[in-house]
Amino acid sequence: MAARDSFYLGALLHDVGKFIQRARLPAWTRAARERDYVKLGGRIHAHKRYSAAFIRLFRSKPFLSDSHIEDYVLHHHAPRDRGVKDFGRTDIPIHLIRIADVWASKEREKVRFLEPVAYSRARLQSIFSSIRLKTKAGEDYTPNLEYHDLRKLSILQEALFPAGQTPRYADQAYRSIIDDFMESFGKVRDDDEFLSLLWKYFNAVPAQTPNRKEGSLLDRPDINLFDHSRVTAAIALCLYDEWQHGDWKDKEKTIRDYRPGGENQDTLPAPCILIGGDISGIQKFIFNVPSKGAAKTLKARSFYVQLFADLCARKVLEYLDLKPANLLYNGGARFYILAPKYRESQLDKCRIEIMQSLLSREFIDDELYLSLASVVVAPGDFMNKFGQKWAEVNQTLDVARLQKFRQSGYGDVFEPKEQRRVSEAPEKGDLYTDITTCLKEKSFQVSRAPENDVPEGNCWRNLFWKMGYVVDFPSGVAEGKTTLFNSTDFEGNYSDFRFAVKDLPLWTKPTIEQFMKDVVVCGRLIEEYQDEDDRGNKLPIIKDNIITYSQLAFKAFAETGTEKLGILKMDVDDLGLIFSEGFDEKYRTPSRMMSLSRSLQWFFEGYMNTILRDDQFRDYIYPIFSGGDDLFMVGAWHKVFDLALRIHEEFQRFVCDNPSLTLSASLLVVDEHYPVSRFAVLAEERLHEAKYGSLNKNSVNVLGETLSWEEFKEACDVKKCLFELVDETGVYKVSRSVIYKVLHSCEGLSELHDRAQLLYKAESSKDMTYLSRLRDMPLVGEKMWRMSYMLRDIRKDEAKEKAKSLIDKYESVVKKAIKGEPVNPMYVAVGARWAELATRYKQKCLENQNQENHAE
């Protein structure tokens, strides 16, 4: 085995003993206390002896057969025992791992407010308990300390949601999972599978424990062992390569004398670069499609973007000869890679090669482009400036996106080419539609493309082939390296796993039968909702076919009487600010930032599958994309409204109700034939209004009004109240005219909202401009009594009491707005409009049903 590979594995597995030691199993304790381990490694930092015992146990595996791996993990801490030799003083690779470990473990934040916890009972603290944005949460805000249970990684809530505020397990939790880990490790076929296995088992294991007192300070256990291990391995490999080929070459004495965290961090030159990659042109590429057949196309194009980003990141790793751990993050069509500095000159060559593949495509509807940028990372940057480096590479990427043809040849850009648009070959349909069918499989495979061989015909695989890769979606278990979707049980049959929101709403036999009944009851013809083939012939609705947009709109009609689609676009607010300022300055370290980004990615790419598989949403929601920190969904309009509330509620729980982490969203209601490209633009515009038309983001623009999430919940309560009043099967049976009376009562409330915002800004900023504008606005006190007057003719006592709760809500919010409090009274109108859409329900259907009953 190559020395470099052994070094990488030693760095990656250096702390595996922390996981094993916590189980306190007698057999492992005896193995870690073997005389040679104690004699060579010392007694202090016992976990390194457990790590060495683990390597020895699996020495029979070819990739762990090198005895140096055992040495690396045993000596990754300098011994403090008297008479124990320090191998790191003479062995440069060992000292490099020590440097990387310290740079990665600077996240060991010492705090005063924790209580000591036994090493074997420690729980992982949520990373969101460490974040505070003063501009949003306030100077005095202290996040809740929430902890995770020890669970194997999955898409289920229990895997990564906070599970209470107790910092310790009541019972020994680690023993129950050690045996599973050992069995899984025994199935690992090569070192490329390590990273996924460590993610599966170490995602909820703390890398440090508040069990050692240094004065009154304790280690904060908010970094998981997986992120610490992979960041250490990434840094260590960069240092090794820089020592072998870069500016650290022939500097053995300086390396041995270097003490990470000391006063002088500049004795060694910068060893690393942080690379950022960004895919641009995504919105135009995904949404520039006809509305007809969009259900077969949008998901395909969205996943194609994900594949392209994956393969670009893989290309950079392979081009620079890096390992999987060097890919710090890949999600939302953006990726970050840590690389040795001496490879910096090769980055542009890699980008040019990928761009030449893009520019040589036959079909040019694809507007995707790759931007690459890098910043130099010096030794001191790892200790307390990594957040600043993260911000710098993002700024550099923003500039690179404006220079997408940089270093491309004149002929590549301006010379005419034999290129055609997909629309010029309509018989082929959309080149990407086939991906939608492929996504029904449970795995995918990426392999090297044979040289001088191109796939037949023109298809989405061509670009990837030109980049040097073949992408397949095998049925069942396939030979070679295959990635399993949305399940972490990959050992033995697959090489790794990947979370992706890929499943679309599909017809089942029961849902087809129900759909057919609803169509008849509502007086429609099934032909109105059938797809057509290329010749215009109607296609039957069959099991496992995608539920189309027109069919989703009809499902909404059958349940509400409104045949519309709902559009939801949502993302995390101020994410760049969270990364650059969310953690205290001296703790903005690589491990902490990677843990944050990976946790958010798990919510949008992993846990989102659990939400969408709920019976409430499974047959109603079409996810165009969900990943990184944002999502875009289409579906039956009423279910999309419910989904927005559900996602927001779950997200707040996930981030420990931390006000520093919020979501903004846009909610549209459109006709099923509304142009796809237009509703994409409109959703983006409304999302911008939600973020910048409110006082502090954390808002949703719904039906054209920007509301806080609390106001949106209040609007939902208004909708429920009106729904119960007019429900034909309920106890009140009030005329639907009450909804229109409420809407009429809300006329002019938008001006009241504008006045309230101006008054709030005037009082908070003392800006005379706001005061002068206020003087020009009319008084609005007469609106207080308007709803009470409008609803005066409700007769039933029970209905009057129900209506009074609505009147009280209306008068309360109007009073607040008049006082200048930051509220939007238009949430009442939104709730009424929501109720109006939801209570057209089955009027015509009921008429048709009555006609059928009369005929019988």
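Modeller: Let us start with a term: a residue is buried when its relative accessible area is under 20%, exposed when it is over 50%, and partly exposed in between, using a 1.4 Å probe and the protein chains only. This is a predicted model, in which local features need pLDDT of at least 70 and side-chain atom pairs count only at pLDDT 80 or more, while totals for chains, interfaces and linings use all residues. Residues are numbered from 1 along each chain as its sequence is written, and side-chain values use heavy atoms, with hydrogens and water left out.

Colleague: Then which residues are buried in α5?

Modeller: In α5 these are H47, K48, R49, Y50, S51, A52, A53, F54 and I55. The helix spans residues 47-57 and is mostly covered, with 9 of its 11 residues buried. Helices here are DSSP runs of H or I with at least four residues, strands are E runs of at least two, and both are numbered from the N terminus.

Colleague: How many helices and strands does the protein have?

Modeller: There are 35 helices and 16 strands. Of the 856 residues in the protein, 58% are buried. The accessible surface, computed by the Shrake-Rupley method with a 1.4 Å probe, comes to about 35,700 Å², and carbon and sulfur atoms account for 47% of that area.

Colleague: What share of the contacts links residues 24 or more positions apart?

Modeller: A contact means heavy atoms within 4.5 Å. Among contacts with a separation of 6 or more, 73% join residues 24 or more positions apart.

Colleague: Could you take me through a helix pair? At roughly what angle do the axes of α1 and α12 cross?

Modeller: Two packed helices are described by the angle between their axes and the distance between the axes. Axes are lines fitted to C-alpha atoms, for helices over the stretch in contact, and the angles run from 0 to 180 degrees between N-to-C directions. Helix α1 (residues 3-12) and helix α12 (residues 225-245) have axes that come within 8 Å and cross at roughly 150°. That makes the two helices roughly antiparallel, the class for angles over 145 degrees; under 35 is roughly parallel, 65 to 115 roughly perpendicular and the rest oblique.

Colleague: Is the crossing of α1 and α12 left-handed or right-handed?

Modeller: Right-handed. On the α1 side, A3, R4, F7, Y8, A11 and L12 take part, and they meet S229, R230, T232, A233, A236, L237, Y240 and D241 of α12. These residues divide into 9 nonpolar, 2 polar and 3 charged. Nonpolar covers Ala, Val, Leu, Ile, Met, Phe, Trp, Tyr, Cys and Pro; charged covers Asp, Glu, Lys and Arg; the others, Gly among them, are polar.

Colleague: Which residues make the contact of α1 with α6?

Modeller: S6, F7, L9 and G10 of α1 meet I69, Y72 and V73 of α6. By class there are 5 nonpolar, 2 polar and no charged residues. Helix α6 covers residues 67-74, and its axis comes within 8 Å of that of α1, crossing at roughly 35°. This crossing is right-handed. As for cover, 8 of the 10 residues of α1 are buried, and the buried ones pack against α6, α7 (92-104), α11 (194-202) and α12.

Colleague: Is E70 buried or exposed?

Modeller: E70, found in helix α6, counts as buried at 6% relative accessibility. Beyond its neighbours within four places in sequence, E70 is in contact with Y37, A52, I55, R56 and R59.

Colleague: And what does a positive phi look like here? Where does N486 lie?

Modeller: Most residues other than glycine have a negative phi. N486 is not a glycine, yet its phi is positive, about 60°. It lies in the loop between β9 (482-485) and β10 (496-498) and counts as buried at 10% relative accessibility. K733, also not a glycine, has a positive phi of about 55°. K733 sits in the loop between α28 (709-726) and α29 (737-745), and at 51% relative accessibility it counts as exposed.

Terms used:
A crossing is left-handed if the near helix is turned anticlockwise from the far one by less than a right angle, and right-handed if clockwise.
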